[in-house]
Amino acid sequence: MHRADLFLQSNQFTGAIPTTIGELGNLYNLNISDNKIAGTVPTQIGMMSKLRDASMFQNRIGGRIPGEIGYLTDLLALYLDSNRLTGPIPTSIGKLTSLVDLRLRANKLTGTIPSEVGELKNLEVCELYSNELTGSIPEEWGGMRNLEQLFLSGNNLQGQIPDTIRGMEVLQYLRASDNQFSGTIPTDMGKMLKLEFLYLEENDFDGLIPSELGELHKLQVSGPSRMDHVLKVIIF
């Protein structure tokens with residue numbers, strides 16, 4: 001059976017995603033981004049077992065992300081950002097073990113971040129910023145050793161950054177600003193030698209700034225001193 005692609009992005013489509021979309025069993029790429037589509041993500045999306053790329057960003061899609069999305073075990077990219085999604089991130093996302101790129105930013109998602117996301121060992125990009133998420137960063141996330149970009153800014157997250165974050169050995173971008181994180185900065189973050197951008201401002205951190213952060217020689221600097229830049233990033 002041949003593969004099929006459906007590209008409808010950047011138009012003026014309205015209405016809801018039809019439930020009959022689940023009948024497109026051979027679809028590899030679905031792109032309906034940048035339209036005016038409303039309604040919800042139909043549960044029938046879980047029937048699209050061959051789907052590799054689901055791009056539905058920048059629409060007016062609301063409601064919850066259906067748990068049936070966990071049936072898309074071959075999915076590589078899930079783009080649901082810039083919509084009106086509500087409710088929690090379903091734990092079934094942890095079954096998308098092929099997923100490389102997860103973008104759920106700029107919605108109205110609530111609840112805690114599922115620890116099951118830590119099962120996504122192939123994930124490289126995770127964008128959850130600008131939502132209403134609560135709770136803490138799950139310790140299990142330290143197992144995402146291929147993660148390069150993690151964006152958590154603009155939520156209501158709290159607690160300490162777990163020591164297990166050092167397991168993200170290739171992380172380059174970490175943005176966790178504008179939350180309610182507290183406690184001290186893990187000294188083991190100084191071992192995350194791939195880190196280039198670190199944004200922890202507008203939180204409730206206290207204690208000493210770990211001198212180990214001075215080992216992050218790839219941090220992008222705009223001033224004369226790398227450590228001065230680190231101090232500014234963390235405190236202000």
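Predicted model: local features only at pLDDT ≥ 70, side-chain atom pairs only at ≥ 80, totals over all residues.
Visitor: What radius of gyration does the chain have?

Guide: 19 Å. That agrees with a compact globule, because 236 residues would give a value near 18 Å. The radius is taken over C-alpha atoms, and the globule rule is 2.2 Å times the number of residues to the power 0.38.

Visitor: And what does the C-alpha trace span along its principal axes?

Guide: About 55 × 30 × 30 Å.

Visitor: How many of the residues are buried, as a percentage?

Guide: 45% of the 236 residues. Buried means under 20% relative accessible area, exposed means over 50%, and partly exposed is in between (1.4 Å probe, protein chains only).

Visitor: Charges next. How far apart are the mean positions of the positive and negative charges?

Guide: 5 Å, for 20 positive and 28 negative charges. Lys and Arg count as positive, Asp and Glu as negative; His and the chain ends are not counted. Each charge is placed at NZ of Lys, CZ of Arg, CG of Asp or CD of Glu.

Visitor: What share of the contacts is between residues 24 or more positions apart?

Guide: 48% of the contacts with a separation of 6 or more. Contact means heavy atoms within 4.5 Å.

Visitor: Let's pick a residue. Where is serine 92 found?

Guide: In the loop between strand E6 (84-87) and strand E7 (101-103).

Visitor: Buried or exposed?

Guide: Serine 92 counts as buried, because its relative accessibility is 11%. Beyond its neighbours within four places in sequence, serine 92 is in contact with Gly67, Ile69 and Gly70.

Visitor: What about isoleucine 113: which residues does it touch?

Guide: Leu128, Leu133, Thr134, Pro138, Trp141, Leu152 and Leu157, leaving out residues up to four places away in sequence. Isoleucine 113 sits in the loop between E8 and strand E9 (125-127). Its relative accessible area is 4%, so isoleucine 113 is buried.

Visitor: On to rings. How many aromatic pairs does a search of the whole structure find?

Guide: Five. One of them joins phenylalanine 181 and phenylalanine 205; that pair is stacked, at 6.4 Å centre to centre and 15 degrees between the planes. The two residues are 24 apart in the chain, phenylalanine 181 in strand E13 (residues 180-183) and phenylalanine 205 in strand E15 (residues 204-205). Rings of Phe, Tyr and Trp (its six-membered ring) pair if their centres lie within 6.5 Å; planes under 30 degrees apart are stacked, over 60 edge-to-face, and the rest tilted.

Visitor: Is phenylalanine 181 buried or exposed?

Guide: Phenylalanine 181 is buried, at 0%. Phenylalanine 205 also counts as buried, with 18% relative accessibility.

Visitor: Which residues do ring pairs link into a cluster?

Guide: Tyr129, Phe151, Tyr173 and Phe197.

Visitor: Now backbone angles. What is phi of alanine 106?

Guide: Near 55 degrees, a positive value in a residue other than glycine. Alanine 106 lies in the loop between E7 and strand E8 (108-109). With 29% relative accessible area, alanine 106 is partly exposed.

Visitor: And what phi does aspartate 178 have?

Guide: About 55 degrees, positive although aspartate 178 is not a glycine. Aspartate 178 is in the loop between strand E12 (173-175) and E13, and is partly exposed at 40%.

Visitor: Where is serine 177 found?

Guide: In the loop between E12 and E13. Serine 177 is buried, with a relative accessible area of 7%.

Notes:
Residues numbered from 1 in each chain as written. Heavy atoms only, no water. Helix = DSSP H or I, 4+ residues; strand = E, 2+ residues; numbered from the N terminus.
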